[in-house]
Amino acid sequence: MKFSVGLGRPDPAFLECIGANRDRIYEVYFSWGDFPNGRSSQLMDGELPPWEMQKRQTDALETLSGWKIPLNILFNANCYGAESQSRSFFNKIGTTVDYMQSHYTLASVTTTSPLIAKFIKANFEGLEVRASVNMEIGTVEGMDYLAEYFDGYYMKRELNRDFDTIRILHGWAQKNGKKLYMLANSGCLNFCSAHNFHDNLVAHEAEIAARDNAYQFSGMCRDYLKKEANILRLPEITNFVRPEDMHLYDTFFVAAKLATRVHRAPAMVLNAYLRGKYSGDLLALLEPQHSVYPYVLENGETGMRVRRIE
C-alpha cells in the first residue's frame, strides 16, 4: 500500500522520512494560503508569523517537487460561505492552481465542492479531481451522482472495516474507471452527530476568532470519552485501521491517506504504517488524538484492547 500524507507545519524529520521512503509515498497533500480547508489554516501558528509559515511551506513544496513526489491541493472546507459561487472565488482558485502547476508537481485536487470539481475539470485537463472524505460518500449511488466531475473518491471512514461494502464500491469504481481511496488513521468517533457542525466551525475559524464568543467547541468526543463506559467501547466506535492490518486493503484502494497535517509527530505515524507494525497506545497514531489517561488502547499481536494503567 502506498500512502498519501499531509503537509502541515513544516517538520524537518517528517520531510526527511518522506524523502527516504518516496517509493511508498503516493502523494503529499496540503492546503494553501488563506483558503478555508478541513483543518486549521496553513498560515496560523502560535510561534511564527504568516509570511514565515508560507515561506517554510514553499520551501517544503520545492523539496518535494525536486523529489518528483506528486502533490495534491486541498479545497476541502465544509463551507465557503458567501464566496461559494462567486466569480472572484473561482478566479482565485484558478490562479492558485495554475501557479501550483507551473511551479510544483501538482497532480490532483481534493474538494468537498461539486462546483469546484466542475471548475477544475473544465479548466485544468490532466489534473485528477477527488471527492473529499468530508463528503461522506459511502454508496455506489453517491459516487455515480457526481461521476461527471470526480475521477476518484475517498470512502466514508465508517466503512473501513466493512469489507462487503468495500468490495461493492471497489467493483463499481473499477467498472467505471474511477479511483477509490481511504483514510486510515482517523480518530473521529463513528457517525458523529456533531461532525458537520465541527467542520463548519473549522471552515469559518478566522471569522470566529475575531468575535467575542460565548462558547468554545472542541468536539463532543472529548466529553463523551470522559466516561469510563464509553472509553471501554473505543475499538468498536472508531474506524481507524491498525498498521498491521493495512495489507488487507491492498486490493481495494489506490492509496491510503494518513492524517498528519496537525499531528504532533507525523514522522512517527508514517513510520508505523510503512513498517506495518506499532507497539504502544494506538491513540498516539490517530488524528484527532484522544487522551483517555489512565487508559490506553493497547496494540498487540492478536489485536487491540483498552487497558487501564495501574
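Analyst: The account below starts with the aromatic rings and then turns to helices, a loop and a strand.

This is a predicted model. Searching the whole structure gives 16 aromatic pairs. One of them joins Phe-119 and Phe-124. Their ring centres are 6.4 Å apart and their planes meet at 65°, so the pair is edge-to-face. The cut-off for that class is over 60 degrees. Both Phe-119 and Phe-124 are buried.

Phe-35, Phe-75, Tyr-80, Phe-89, Phe-90, Phe-119 and Phe-124 make up one aromatic cluster. A second case involves Tyr-29. There the charged end of Lys-257 sits over the ring, 4.7 Å from the centre.

Now the helices. Two packed helices are described by the angle between their axes and the distance between the axes. Helix H3 covers residues 87-103, and helix H4 covers residues 114-123. They pack at about 50°, with axes 11 Å apart. That angle makes H3 oblique to H4. The crossing of H3 past H4 is right-handed. On the H3 side, the contact is made by Phe-89, Phe-90, Ile-93, Gly-94 and Val-97. On the H4 side, the contact residues are Leu-115, Ile-116, Phe-119 and Ile-120. Cluster and helix contact share residues here. Phe-89, Phe-90 and Phe-119 are members of the aromatic cluster, and they are also part of the contact between H3 and H4.

Next comes helix H12, residues 266-275. Seven of its 10 residues are buried, so H12 is largely enclosed by the rest of the structure. The buried ones are Pro-266, Ala-267, Val-269, Leu-270, Ala-272, Tyr-273 and Leu-274. What covers them? The cover includes strand S1 (3-6), helix H1 (12-20), strand S2 (25-30) and strand S8 (255-258). Tyr-29 and Lys-257, the ring and charge described above, fall within the ranges of S2 and S8. Just after H12, Gly-276 takes a positive phi of about 70°.

Helix H8 spans 205-209, helix H9 spans 220-224, and Gly-219 lies in the loop between them. Gly-219 has 9% relative accessibility and counts as buried. Its C-alpha atom is 9.3 Å from that of Phe-197, 22 residues away along the chain.

Phe-217 is found in that loop between H8 and H9 too. Phe-217 counts as partly exposed, at 32% relative accessibility. Leaving aside neighbours within four places in sequence, Phe-217 is in contact with Ala-194, Phe-197, His-198 and Leu-201. Leu-201 is 16 residues from Phe-217 along the chain, and their C-alpha atoms are separated by 8.6 Å.

Last, a strand residue. Met-304 sits in strand S10, residues 303-308. Met-304 is partly exposed, with a relative accessible area of 27%. Beyond neighbours within four places in sequence, Met-304 is in contact with Arg-161, Pro-235, Phe-240, Arg-242, Leu-282, Leu-297 and Glu-298. Leu-270 is one of the buried residues of H12. Met-304 and Leu-270 are 34 residues apart in sequence and 19 Å apart in space, C-alpha to C-alpha.

Note on methods
Residues numbered from 1 in each chain as written. Predicted model: local features only at pLDDT ≥ 70, side-chain atom pairs only at ≥ 80, totals over all residues. Heavy atoms only, no water. Phe/Tyr/Trp six-rings, centres within 6.5 Å; stacked < 30°, edge-to-face > 60°. Buried < 20%, exposed > 50% of the residue type's maximum accessible area, 1.4 Å probe, protein only. Lys NZ or Arg CZ within 6 Å of the ring centre and 35° of its normal. Axes fitted to C-alpha atoms, helices over the stretch in contact; angles between N-to-C directions. Helix = DSSP H or I, 4+ residues; strand = E, 2+ residues; numbered from the N terminus. Parallel < 35°, antiparallel > 145°, perpendicular 65-115°, else oblique. Left-handed = near helix turned anticlockwise from the far one by under 90°. Contact = heavy atoms within 4.5 Å.
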